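Work through the exercises below with the sequence and the 3D view open. Each task is followed by a solution in steps.

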Amino acid sequence: MSAKYLVTGGAGYVGSVVAQHLVEAGHEVTVLDNLTTGFREGVPAGATFIEGDIRDSAKWLDSSYAAVLHFAAFSQVGESVVKPEKYWDNNVGGTMALLAAMRDAGVRTLVFSSTAATYGEPVSTPVKETDPTAPTSPYGATKLAVDHMISGEAKAHGLGAVSLRYFNVAGAYRTPTGALYGERHDPESHLIPLVLQVAQGRREAISVFGDDYDTPDGTCVRDYIHVADLADAHLRALDAATEGDHLVCNLGNGNGFSVRQVIETAREVTGHPIPEVVAARRGGDPAVLVASAATARERLGWQPARADLADIVTDAWAFARREE
């Protein structure tokens, strides 16, 4: 059945792909984005676009909306360390204003874009939702603070909410009409697009931060999830949200790929040599970070369908080359 949804941050990477999936499913979609980090061309055809800030969401939110899907946040870990006030103001203050607008409008369903950064350095792997949360950056701390806010809102005011804690999102989504939605950040900090920039000649080499970890090839291992699988989880979360309850689910493949596996896969996909340079370890980088997605399987009926690393890199490569 068709419904009306507000997608905050829907001009960004994950938000745009989720908004596109909602449009394809026949829903009425409004994207709210201030374009600070999003792109106007990322708003799906068929969606209504409002250029504005989540702090002002009360201007547009009313009881005709069935739910809000909330992606509007700053997400650069390094920047959050040097500008923590920016992250607390936007990620926490902005969400507080959004929750108040939802309460006043009678919109009682929320799907929140959370992150594995809420866990910090994991105590065990795979990481479960019941594991300790100890963020190592202001970014992770703000996302955890919002999760706590949502839990309080659910208990006190009957909000039905699902927080989805992503691990490493990657890849791109091609619509039935051929449009591509993919990853672009400025500055770019994610491994797969950085590796592909080397293949394009936009960087001389890819830095490998540490090759002496206790892993099969000495480099860090991460859990990569295709952005289209992520979008599928958000649509399922809308159906799983229960009034008065805040459900937290990890999203990942449950399998890890090392930095060197990503680089080698990119070499095979692109046909480029992709030089690498070994650099010192970065502080706070755990050797292995892999999700347990058992809760998402059980509560959302979700299973990643695009778990092959070559498929993820191939889709990301198509997006990177879209203007060639």
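**Exercise 1.** In which loop is the place of leucine 35? Describe the backbone and the exposure of leucine 35 there.

Solution. This is a predicted model.
- Step 1: Leucine 35 has its place in the loop between β2 (28–33) and β3 (48–51).
- Step 2: The phi angle of leucine 35 is near 60 degrees, which is a positive value in a residue other than glycine.
- Step 3: Buried means under 20% relative accessible area and exposed means over 50%. The relative accessibility of leucine 35 is 24%, so leucine 35 counts as partly exposed.

**Exercise 2.** Is isoleucine 274 buried or exposed? Locate it and give its phi value.

Solution.
- Step 1: The loop between α7 (259–270) and β15 (276–279) holds isoleucine 274.
- Step 2: Its phi is near 50 degrees, again a positive value in a residue other than glycine.
- Step 3: Relative accessibility is 1% for isoleucine 274, and therefore this residue counts as buried.

**Exercise 3.** Which residues does a cis peptide bond join?

Solution.
- Step 1: The bond lies between threonine 125 and proline 126, with omega about 0 degrees.
- Step 2: Proline 126 belongs to the loop between β5 (109–115) and α4 (138–157).

**Exercise 4.** What is the strand order in the open sheet of three strands, and why is one side of β14 and of β16 left without a neighbour?

Solution.
- Step 1: The order is β14-β11-β16, and the pairing is mixed.
- Step 2: β14 (257–258) and β16 (288–289) are at the edges and have a single partner strand each, so one side of each lacks a neighbour in the sheet.
- Step 3: Strand β11 (residues 221–222) and β16 run parallel and are joined by two bridges. Valine 221 has valine 288 of β16 as its bridge partner.

**Exercise 5.** How many of the residues of β13 are buried, and which way do they point?

Solution.
- Step 1: Six of the six residues of β13 are buried.
- Step 2: His246, Val248 and Asn250 point one way, while Leu247, Cys249 and Leu251 point the other way.
- Step 3: β13 pairs with β6 in the parallel sense over six bridges. Within this pair, alanine 161 has histidine 246 of β13 as its bridge partner.

**Exercise 6.** How many residues does the largest nonpolar core have, and where do they come from?

Solution.
- Step 1: The core has 42 residues, and Val14, Leu69, Leu164, Leu251 and Leu300 have the most contacts inside it.
- Step 2: Elements that each supply at least two residues of this core include β1 (4–8), α1 (13–24), β6 (160–166), β13 (246–251) and α8 (294–300).
- Step 3: The largest share, eight residues, comes from α6.

**Exercise 7.** Which residues make a nonpolar surface patch of about 270 Å²?

Solution.
- Step 1: The patch is made by Val77, Val81 and Val82.
- Step 2: Valine 82 is part of helix α2 (residues 77–82). At 62% relative accessibility, valine 82 counts as exposed.

**Exercise 8.** How many residues apart in sequence are tyrosine 181 and valine 43?

Solution.
- Step 1: They are 138 residues apart in sequence, yet 9.4 Å apart in space, C-alpha to C-alpha.
- Step 2: Tyrosine 181 sits in strand β9 (residues 180–181). With a relative accessible area of 9%, tyrosine 181 is buried.

How values were computed
Residues are numbered from 1 along each chain as its sequence is written. This is a predicted model: local features need pLDDT of at least 70, side-chain atom pairs count only at pLDDT 80 or more; totals for chains, interfaces and linings use all residues. Side-chain values use heavy atoms; hydrogens and water are left out. Two strands pair if DSSP finds at least two bridges between them. Helices (H or I, at least four residues) and strands (E, at least two) are DSSP runs, numbered from the N terminus. Buried means under 20% relative accessible area, exposed over 50%, partly exposed in between (1.4 Å probe, protein chains only). Patches are made of residues with over 30% relative accessible area and no salt bridge: like charges are joined within 9 Å, nonpolar side chains (Val, Leu, Ile, Met, Phe, Trp, Tyr) within 5 Å. Accessible areas come from the Shrake-Rupley method with a 1.4 Å probe; for residues, only the protein chains shown count as cover. A salt bridge is a side-chain nitrogen of Lys or Arg within 4 Å of a carboxyl oxygen of Asp or Glu. A nonpolar core is a set of buried Ala, Val, Leu, Ile, Met, Phe, Trp, Tyr and Cys residues joined through side-chain atoms within 4.5 Å.
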